[in-house]
Amino acid sequence: MDSIEDLLAREAIRTIKARYCRFIDTKDWPGYASLFTADAILDVSQDTGQPPFHGIDMIMQVVEASVDGAVTTHHVHSPEIDFTSPDAADVIWAMQDRLIWRADKAPPPGQALTGYGHYHEHYVRQDGNWKIAMLKLTRLNLEWQAIAPGAAA
């Protein structure tokens with residue numbers, strides 16, 4: 001049976017990821033940045049072909065640029081939380097996201113994407129607060145759709 005401390009840590013990690021989805025979808029960039037360690041790593045190489053991005057400043061630059069011109073919806077569920085120490089955990093989340101880029105924005109203008117896959121993450125507890133130290137996105141399926149100007153996606 002899990003201890004109260006273990007259950008509280010699991011709930012805190014779930015809350016961080018819920019905020020991750022809300023902050024990225026509402027473009028709350030200060031809130032989004034607050035979820036990561038200063039030296040966090042973001043690996044979206046499967047989507048971008050680029051090597052992992054290091055540090056919160058680089059992560060913010062990349063994420064903001066990639067979704068600023070899009071309406072986004074992120075959903076996560078079914079977390080698999082494995083504590084590697086009292087202050088560290090590896091987590092896998094099933095995920096689905098929907099991104100719709102405005103016709104005047106790139107990349108890619110007038111396109112919509114629905115993606116399915118997993119977030120593979122490492123969390124650490126710093127000064128009593130859980131933070132994302134590493135995030136790797138893996139995709140199982142991507143569905144692209146052209147959006148006609150003025151059409152609802």
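Is Lys27 buried, partly exposed or exposed? At a relative accessible area of 23%, Lys27 counts as partly exposed, where buried means under 20%, exposed over 50% and partly exposed in between, with a 1.4 Å probe and protein chains only. Lys27 sits in the loop between H1 and helix H2 (29-33), and its C-alpha atom is 9.9 Å from that of Ala70, 43 residues away along the chain. Helices (H or I, at least four residues) and strands (E, at least two) are DSSP runs numbered from the N terminus.

The model is predicted, so local features need pLDDT of at least 70 and side-chain atom pairs pLDDT 80 or more, while totals for chains, interfaces and linings use all residues. Residues are numbered from 1 along each chain as its sequence is written, and side-chain values use heavy atoms, with hydrogens and water left out.

On to the charged pairs: there are six salt bridges, counted when a side-chain nitrogen of Lys or Arg is within 4 Å of a carboxyl oxygen of Asp or Glu. Lys17 and Glu121 make one of them, with the closest N and O atoms 2.4 Å apart. Lys17 lies in helix H1 and Glu121 in strand S5, so this pair ties together parts 104 residues apart in sequence. Both ends are tucked away: Lys17 is buried at 0% relative accessibility, and Glu121 is buried at 2%. Asp6 pairs with Arg10 at 2.8 Å between the closest N and O atoms; being four residues apart in helix H1, they are separated by about one helical turn. Asp6 is buried at 16% and Arg10 at 18%. Arg125 and Asp87 also meet in a salt bridge (2.8 Å, N to O), but here Arg125 is partly exposed at 30% and Asp87 at 40%.

A network of salt bridges links Asp47, Asp97 and Arg139. Asp47 and Arg139 turn up again in the largest pocket, being among the residues nearest its centre. A pocket here is an open set of points on a 1 Å grid over the protein atoms alone, where a 1.4 Å probe fits, with protein on both sides within 12 Å along at least five of seven lines; lining residues have an atom within 4 Å of a point. This pocket holds about 610 Å³ of space, the volume being that filled by probe spheres set on the points, which are joined across faces, edges and corners. Its lining has 26 residues, and the largest share, five residues, comes from S6.
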